[in-house]
Amino acid sequence: MSTSKFDEGRLMAILLAPVVSEKATMAAEKSNAVTFKVMRDATKPEIKAAVELLFNVEVTGVSVVNIKGKVKRSARGVGRRNNVRIAYVGLKKGQEIHFDEEVK
């Protein structure tokens, strides 16, 4: 699938942040997958195109999880955390994304 089908400005905004957690690290080691926090209305083809455009890698598959925000209580009353959409992006064998490198 080529990235020309999608608006390049939207593709640049789809990926919000990489997820750095124990579960994300295990997914990266086990199945060569990178985990991103993405926009709530992002589709799998858009996520694939955005990763291929931004990081110049080949994506084998995308899995998406919607996580509902928890209800939390404090002295001021009841609040709620934001809902989150997380994408597990599988990369071709031998390819990887390093977030600690400086972008040129």
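Is Glu46 buried or exposed? Select Glu46 and take a look: its relative accessible area is 12%, and buried means under 20%, so Glu46 counts as buried. Keep in mind that you're looking at a predicted model.

Glu46 and Arg10 form a salt bridge, with their closest N and O atoms 3.0 Å apart. Glu46 sits in helix α3 and Arg10 in helix α1, so this pair ties together parts that are 36 residues apart in sequence. Arg10 itself is partly exposed, at 25% relative accessibility.

The side chains of Arg10 and Asp41 meet in another salt bridge, 3.5 Å from N to O. Asp41 is partly exposed, with a relative accessible area of 48%.

Now move on to Lys92 and Glu58. They form a salt bridge as well, and the closest N and O atoms are 2.9 Å apart. Find Lys92 in the segment after β6 (84–91) and Glu58 in the loop between α3 and β3 (59–67); the pair therefore ties together parts 34 residues apart in sequence. Both are partly exposed: Lys92 has a relative accessible area of 39%, and Glu58 has 40%.

For the last stop, select Arg10, Asp41 and Glu46 together: salt bridges with shared partners join them into one network. In total, the structure holds 3 salt bridges.

Conventions: Residues numbered from 1 in each chain as written. Predicted model: local features only at pLDDT ≥ 70, side-chain atom pairs only at ≥ 80, totals over all residues. Heavy atoms only, no water. Salt bridge = Lys/Arg side-chain N within 4 Å of Asp/Glu carboxyl O. Buried < 20%, exposed > 50% of the residue type's maximum accessible area, 1.4 Å probe, protein only. Helix = DSSP H or I, 4+ residues; strand = E, 2+ residues; numbered from the N terminus.
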